Amino acid sequence: MASPRAKFTVGLFMAGGTAIALLALVWLGMSRFLEQGRRFVTYFNESVQGLDVDSPVKYRGVPIGRVERIDVAPDSRLVQVVMAIRAEHQVGEDAIAQLKVVGITGSMFIEMDRLRPGDLDRSPGLSFPTDYPVIPSKPSDIRQLLSGIDEALQQIQALDLPGLSASLKETLAGLNATMAAADVASISGDLRRVLASLGTALDPERLDRLVASLEGLLAEARGAAAGIGSTAQRAGTLITREEPALRAVLDELTTTLAGTRELVARGSGLLDSTDRRLSTLERQIVSTGRRLDQAAANLDRLLDTVQDRPSRLLFDHPPAPREQERPRLSPGKESAP
C-alpha cells in the first residue's frame with residue numbers, strides 16, 4: 001500500500017503537468033491574437049478546394065503569413081480569402097496571389113509573387129467595397145491548364161470533322177486509284193536501271209578520277225580567288241593613291257554640271273523670250289496684212305471711180321453738161337420744124 005507521501009508526490013506531479021498543459025494551450029491560443037500583422041484580401045474566380053484556414057501564405061516559397069478567413073464574396077460569385085501577413089514583410093502594389101497545390105495531397109496554399117512587366121492583369125473585377133487592401137490574383141496553374149484544354153476542345157468542336165473526314169476519304173480514294181493506275185512494275189524496272197547506272201557511276205576508279213578532277217578544279221578556284229584578291233588589293237591601293245585626283249575630277253565634274261544646269265536654265269529663258277517676241281511680231285504682221293488688204297480694197301474702189309468718173313479727181317461734183325450747138329442754116333431756108 002502506497003504511503004501518504006507517495007500519494008502526495010503523484011498528485012503533485014499530476015497537478016503540475018495539468019497546469020503546464022493548460023498554460024501551453026493558453027499560450028498557443030493567445031499567440032494567434034497577439035500576433036502582429038496586417039490583413040489583406042484577395043478574390044479567386046475558381047474553386048479553392050484544398051485551401052483551409054491557417055493555410056500558409058508564401059512569397060516565392062517563404063512563409064510570410066496565413067489564411068485567416070475563407071468566405072463567399074458579397075457578389076456571391078467570387079471566393080474571398082482574408083490573409084494575415086506578418087508586419088515585417090512589405091506587400092507592394094505589384095504583388096499578385098495565386099493558388100498552389102502541395103504535392104499530390106490536394107492541399108493548397110497561397111503563393112505571393114510580383115507582377116512581371118508585360119503580364120496581363122487577369123484578376124477578377126470587383127463591384128463591391130472591401131474591408132482590407134486587395135491583392136490581385138491570377139488563375140492557378142491547374143485552372144490555366146484546364147482553360148487551355150477547354151479552348152482546345154472548343155476549337156476541335158468547331159472543326160468540320162465530318163467534312164474533313166469526307167475530304168480525307170476522297171483523298172485516300174484518289175491516292176489508291178492513282179497507285180492502282182500507276183505502272184508499278186515499269187517504275188520498279190526504271191528504278192533498278194537507275195540504281196545500276198548509279199552503281200556504275202560510283203565505280204571506285206571513276207570516283208578517284210572524279211575526286212582528282214574536283215581537287216584540280218578547287219585548286220584552280222583557289223588560284224583564281226587569290227588572283228581576284230590580289231587584283232582587288234591593287235585596285236584598292238590605286239584608288240587610295242589616286243583619291244585626291246579623283247576627288248578633284250569629281251569636284252570639276254560637279255562644277256561643270258552646275259554650269260550646264262545654269263546654261264540650260266538661261267537657254268530656256270531665252271527660248272521663252274524669243275517665243276514671246278515671235279508671237280508679238282506675228283500679231284504685228286497679221287495687223288499689217290489686214291491694213292494692206294484694206295488699202296488695196298480702197299485703191300480698187302478709187303480706180304473704179306476714176307474709170308467711171310474721171311472728173312471726180314478734180315471736182316467734188318461732176319461739171320454741168322454743156323449746151324448743144326445748133327447747126328447753121330443757109331438764108332431762105334428754114335429749118336424744118
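Two strands are said to pair if DSSP finds at least two bridges between them. Strands themselves are DSSP runs of E with at least two residues, and helices are runs of H or I with at least four residues, numbered from the N terminus. In β4, Val82 is the bridge partner of Arg69. The structure is a predicted model, in which local features need pLDDT of at least 70 and side-chain atom pairs count only at pLDDT 80 or more, whereas totals for chains, interfaces and linings use all residues. Residues are numbered from 1 along each chain as its sequence is written, and side-chain values use heavy atoms, with hydrogens and water left out.

**The sheet**

- Strands of a sheet pair through backbone hydrogen bonds, in either a parallel or an antiparallel manner.
- An open sheet is formed by six strands in the order β1-β4-β3-β2-β6-β5, and its pairing is mixed.
- Strands β1 and β5 (95–101) stand at the edges with a single partner strand each, so one side of each has no neighbour in the sheet.

**Strand pairs and hairpins**

- Strand β2 (residues 56–59) pairs with strand β3 (residues 62–72) in the antiparallel sense over four bridges.
- Tyr59 stands opposite Val62 in β3.
- The hairpin of β2 and β3 has two residues between the strands, and Arg60 there takes a positive phi near 55 degrees.
- Strand β3 also pairs in the antiparallel sense with strand β4 (residues 79–86), over seven bridges.
- The hairpin of β3 and β4 has six residues between the strands, and in this hairpin Ser76 takes a positive phi near 60 degrees.
- Strand β5 runs antiparallel to strand β6 (residues 108–114), and seven bridges join the two.
- Ile96 stands opposite Asp113 in β6.

**Salt bridges**

- Side chains of opposite charge can pair when their charged atoms come close.
- The structure holds 12 salt bridges (a side-chain nitrogen of Lys or Arg within 4 Å of a carboxyl oxygen of Asp or Glu).
- One of them joins the side chains of Glu68 and Arg39, at 2.7 Å from N to O.
- Glu68 lies in strand β3 and Arg39 in strand β1 (residues 37–44), so this pair ties together parts that are 29 residues apart in sequence.
- Glu68 is partly exposed at a relative accessible area of 22%, and Arg39 is partly exposed at 27%; buried means under 20%, exposed over 50%, and partly exposed in between (1.4 Å probe, protein chains only).
- Glu68 also forms a salt bridge with Arg66, with the closest N and O atoms 4.0 Å apart, and Arg66 is buried at 13%.
- Asp113 forms a salt bridge with Arg116, the closest N and O atoms being 3.6 Å apart.
- Asp113 is buried, with a relative accessible area of 15%, whereas Arg116 is partly exposed at 47%.

**Confidence**

- The pLDDT (the predictor's confidence in each residue, from 0 to 100) averages 81 over the chain, and 88% of the residues score at least 70.
- Over residues 329–337 the pLDDT is below 50, and beyond near neighbours in sequence this stretch has two contacts in the model (heavy atoms within 4.5 Å).
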